[in-house]
Number of protein chains: 2
Amino acid sequence: MDAAEVADANRRYYEAFEAADLDAMSAVWERSERATCTHPGWSTLRGWSQVQASFFSLFQQPLRMQFLLTRQDVHVEGDVAWLSLDENLLGEQGGVTVATFNLFVRDHWSGQWSMVCHHGSAVHASVT
Amino acid sequence: MDAAEVADANRRYYEAFEAADLDAMSAVWERSERATCTHPGWSTLRGWSQVQASFFSLFQQPLRMQFLLTRQDVHVEGDVAWLSLDENLLGEQGGVTVATFNLFVRDHWSGQWSMVCHHGSAVHASVT
């Protein structure tokens, strides 16, 4: 059941991204200093204000992203959960695969899972 | 104190890498199916056998890696801990920075922190 809740929170991240909806994206994240986000090829952004600013900037772009998620694994350990998955980016840029790691932490009071870390990196070579 | 233990486990990862010591590297990791490792530009390797094979292969190369670690932050939540850091790779390949996320889980019985996930990606643009 925990894993299903985490998968649901993860799904909301991609729905917010595809809709370029900053409010929905903000609702997905833990808006704290420990939030980190590493977009493909970027330095790691640290703290919610940097992370939020990056999504604000990305959502200004006319290109809408579409994600096909594959190889998704969820692991839960206490109040922390992490997902490994592949983001297959559709659209004008063609078939890019982004190896992704997403970390969620469950709030003690609300029981809600919030994203704390996102790390994506383009796959340049398949070695598996 | 937990954060110091995690930082110590993280340090052993880089010492094992610099020494190209597969036994020491194996001792750092949780040798389980949930172990994942994303080397820069690679697909995510899943399960200890794939992760181990990648280090075996990397350690066959004559080039020895040297890491200068910067921007290291440690966060602990129960029996899970994660580090955000930059690996600054020295050596013949010049100044490459790898944005890195490392996840550790504490074993309930031994109390030992073991690496469960490693994700590194080369930084192509500085946006911070």
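Which residue takes a positive phi in the hairpin of β3(B) and β4(B)? Point 3 has the reply.

1. Ground rules. This is a predicted model, in which local features need pLDDT of at least 70, side-chain atom pairs count only at pLDDT 80 or more, and totals for chains, interfaces and linings use all residues. Residues are numbered from 1 along each chain as its sequence is written, while chains are lettered from A and ligands numbered from 1 in the order in which they are written.

2. The sheet of chain A. Six strands form an open sheet with mixed pairing, in the order β2-β1-β6-β5-β4-β3. Strands here are DSSP runs of E, at least two residues, and helices are runs of H or I, at least four residues, both numbered from the N terminus. Two strands pair if DSSP finds at least two bridges between them. β2 (45–46) and β3 (66–77) of chain A are the edge strands; each has a single partner strand, so one side of each lacks a neighbour in the sheet. β3(A) runs antiparallel to β4 (residues 80–90) of chain A, with ten bridges. Within this pairing, A:Leu68 has A:Asn88 as its bridge partner in β4(A). Helix α1 (residues 2–19) of chain A packs on the sheet and touches β3, β4, β5 (96–106) and β6 (113–122) of chain A. The direction of α1 makes about 150° with that of β3(A). (Axes are lines fitted to C-alpha atoms, for helices over the stretch in contact; angles run from 0 to 180 degrees between N-to-C directions.)

3. The hairpin of chain B. B:Gly78 is the residue asked about: its positive phi is near 65°. Two residues lie between the strands of this hairpin. β3 (residues 66–77) and β4 (residues 80–90) of chain B pair antiparallel over ten bridges. B:Gln66 has B:Leu90 as its bridge partner in β4(B).

4. The next strand of chain B. β4(B) is also joined by ten bridges to β5 (residues 96–106) of chain B, again antiparallel. Here B:Asp86 stands opposite B:Ala99 in β5(B).

5. The contact. Chain B gives 31 residues and chain A gives 31 residues. (Residues are in contact if their C-beta atoms, placed from the backbone, lie within 7 Å.) β5(B) supplies the largest share of the chain B side, four residues.

Note on methods. Contact = placed C-beta atoms within 7 Å.
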